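Open the model in your viewer and keep the sequence panel beside it. The stops below can be selected one after another.

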Amino acid sequence: MYEGLCEVRDNARVTSEHRGDYEELVDEISELLGAPATLENRDFELIAFGAYDSEGDLDPSALDPVRTRSILTRRSTAAVRAWFEGFGITRATAPVRIPPTPEAGVYRGRICLPVRHRGVVHGYVWLLDDDPGPSEHQLTAAMRVTARIGALLADEAQHGADLSRELRAVLTAEPGWQSDMAVAELRTALGSRADGLHALMCVAPWPSADPDDAPSVRAVPGATALCTLPWGAAAQCLAVLIRLRSPDVLTPATTAAGRLLERAGGGSGPEGGAGGSSGASAPGGASRSSGTSGPSGAGGPSGPGPAPAAGIATPRSGLAESATAWREASAAARAALAEARFGPVAQWASIGPFRLLTALPPEVAHDPVARALLTPVHHELARTAEVYLDRAGQAARAAAELGIHRQTLYYRLSRIEKLTGLDLDDGEDRLLLHMALKAHRL
């Protein structure tokens with residue numbers, strides 16, 4: 001177990017221009033306090049893990065399940081965050097001792113050292129609490145080190161905030177000189193990174209319009225800039241610019257999407273503690289439906305709103321085509337929300353006819369020919385029509401997927417023709433109905 005944690009320490013830390021500084025400072029705290037420490041940002045995402053070479057710390061019992069998982073997964077859940085914030089760590093200016101809570105999987109007490117800069121909390125240093133534990137003199141010395149960490153985190157937070165403003169300007173500017181100026185400002189802010197290979201990503205819906213609730217750039221692997229944007233009439237989405245090494249390898253974007261979707265959905269359960277965190281009894285996050293349903297009732301999770309999805313645009317070098325890339329990313333996210341088969345993360349290149357359908361204005365997409373079919377009372381007929389058309393009009397395949405007799409299928413198709421006035425033996429009528437059904441999902 002200890003060797004595995006050391007490997008995480010060496011290879012799995014968050015990417016940052018200050019990465020080496022964070023590692024050295026956390027190691028310094030570990031030495032001062034005689035115990036291994038972890039550094040998290042204020043979103044409870046692991047930045048650095050300081051190993052302390054002591055025989056006592058090689059005992060696996062020193063790591064309860066919550067702490068072990070937090071180090072290996074490098075993140076926490078919303079439930080964990082709320083549980084620990086209940087001890088007042090967001091307001092604290094001195095070390096906070098948190099007692100063991102076995103029923104939450106926290107078998108050892110914790111000491112939290114708030115990392116602040118100019119009165120603002122930017123993160124936390126966590127360590128296991130022993131009896132008698134660190135002395136007040138040791139903790140005071142450790143807090144002086146956290147002040148140095150806070151200055152570094154504040155510097156990165158400010159950098160990320162500036163890029164958020166500039167990325168938002170690029171993605172919302174009107175075509176023409178406004179767009180050109182916004183791109184030029186973002187290019188200046190990024191410096192040499194601006195000409196590299198990037199992929200724009202859209203995560204929607206995002207649970208909050210408050211910029212303070214958006215993750216920082218340093219917390220998203222591979223991210224260059226991110227910002228929140230309006231999504232429809234009342235919702236928000238998150239736009240993220242991800243660095244790539246190859247246009248054929250989108251792993252950095254899909255990895256970042258998975259982490260952001262977990263955060264947007266509320267986490268994955270109470271045991272996802274980060275850096276000495278626990279998720280006592282808070283609920284887990286929402287999940288997307290894996291099934292499909294008819295276009296008059298697309299499948300989705302239970303709860304007040306849809307589970308989030310992500311869309312990834314075609315990779316591009318430079319920033320000149322950012323507006324086009326954002327349309328692609330937004331369209332892919334819409335397609336992923338509409339069609340469970342695309343998965344929670346959809347690439348623009350993989351959404352097929354939705355590349356055209358997402359470009360249509362709503363008044364065009366909702367063709368009146370399908371209006372009667374798309375009423376709730378005809379839900380099963382709408383589903384039958386979509387499955388039949390998805391299977392290229394092959395009755396045997398459609399009937400098998402629907403679980404009905406072929407004669408029942410023919411009866412339903414005749415009712416569909418009467419409702420729509422279309423001839424399903426005519427190719428253009430089939431195309432029109434198929435597009436109308438798919439567009440309704442959006």
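Select the loop between strand E1 (37–41) and strand E2 (46–50), where Phe44 lies. This is a predicted model. Phi of Phe44 is near 65°, a positive value in a residue other than glycine. Most residues other than glycine have a negative phi, and most peptide bonds are trans. Is Phe44 buried or exposed? Phe44 is buried, and its relative accessible area is 0%.

Next, select Arg118, in the loop between strand E4 (110–117) and strand E5 (120–128). Arg118 is not a glycine, yet its phi is positive, near 55°. Arg118 counts as exposed, with a relative accessibility of 79%, whereas Phe44 is buried.

Move on to Ala204 and Pro205. The peptide bond that joins them is cis, with omega about -10°. Pro205 belongs to strand E6 (residues 197–206).

Now select helix H12 (residues 395–402) together with helix H13 (residues 406–420). Two packed helices are described by the angle between their axes and the distance between the axes. For H12 and H13 the angle is about 100° and the axes are 9 Å apart. The two helices are therefore roughly perpendicular to each other, since angles of 65 to 115 degrees count as such.

Show the side chains at this contact. On the H12 side are Ala395, Ala396, Ala398, Ala399 and Leu402, which meet Arg406, Leu409 and Tyr410 in H13. Seven of the residues of this contact are nonpolar, none is polar and one is charged.

Keep H12 selected and colour its buried residues. Which residues are they? They are Ala395, Ala398, Ala399 and Leu402. Look down the axis of H12: these buried residues fall within an arc of 95°, so they line one face of the helix. The buried residues of H12 pack against H13 and also against helix H11 (379–390). Then step to Gly403, which follows H12 and has a positive phi, near 75°.

Finally, select the whole protein. It has 14 helices and 11 strands. Of its 442 residues, 50% count as buried. The accessible surface comes to about 20200 Å², with 52% of it belonging to carbon and sulfur atoms. Among contacts between residues at least 6 apart in sequence, 65% join residues at least 24 apart.

Notes. Residues are numbered from 1 along each chain as its sequence is written. This is a predicted model: local features need pLDDT of at least 70, side-chain atom pairs count only at pLDDT 80 or more; totals for chains, interfaces and linings use all residues. Side-chain values use heavy atoms; hydrogens and water are left out. Axes are lines fitted to C-alpha atoms, for helices over the stretch in contact, and angles run from 0 to 180 degrees between N-to-C directions. Helices (H or I, at least four residues) and strands (E, at least two) are DSSP runs, numbered from the N terminus. Angles under 35 degrees count as roughly parallel, over 145 as roughly antiparallel, 65 to 115 as roughly perpendicular and the rest as oblique. Contact means heavy atoms within 4.5 Å. Ala, Val, Leu, Ile, Met, Phe, Trp, Tyr, Cys and Pro count as nonpolar, Asp, Glu, Lys and Arg as charged, and the others, Gly among them, as polar. Buried means under 20% relative accessible area, exposed over 50%, partly exposed in between (1.4 Å probe, protein chains only). Accessible areas come from the Shrake-Rupley method with a 1.4 Å probe; for residues, only the protein chains shown count as cover. The arc is that of the directions from the helix axis to the C-beta atoms.
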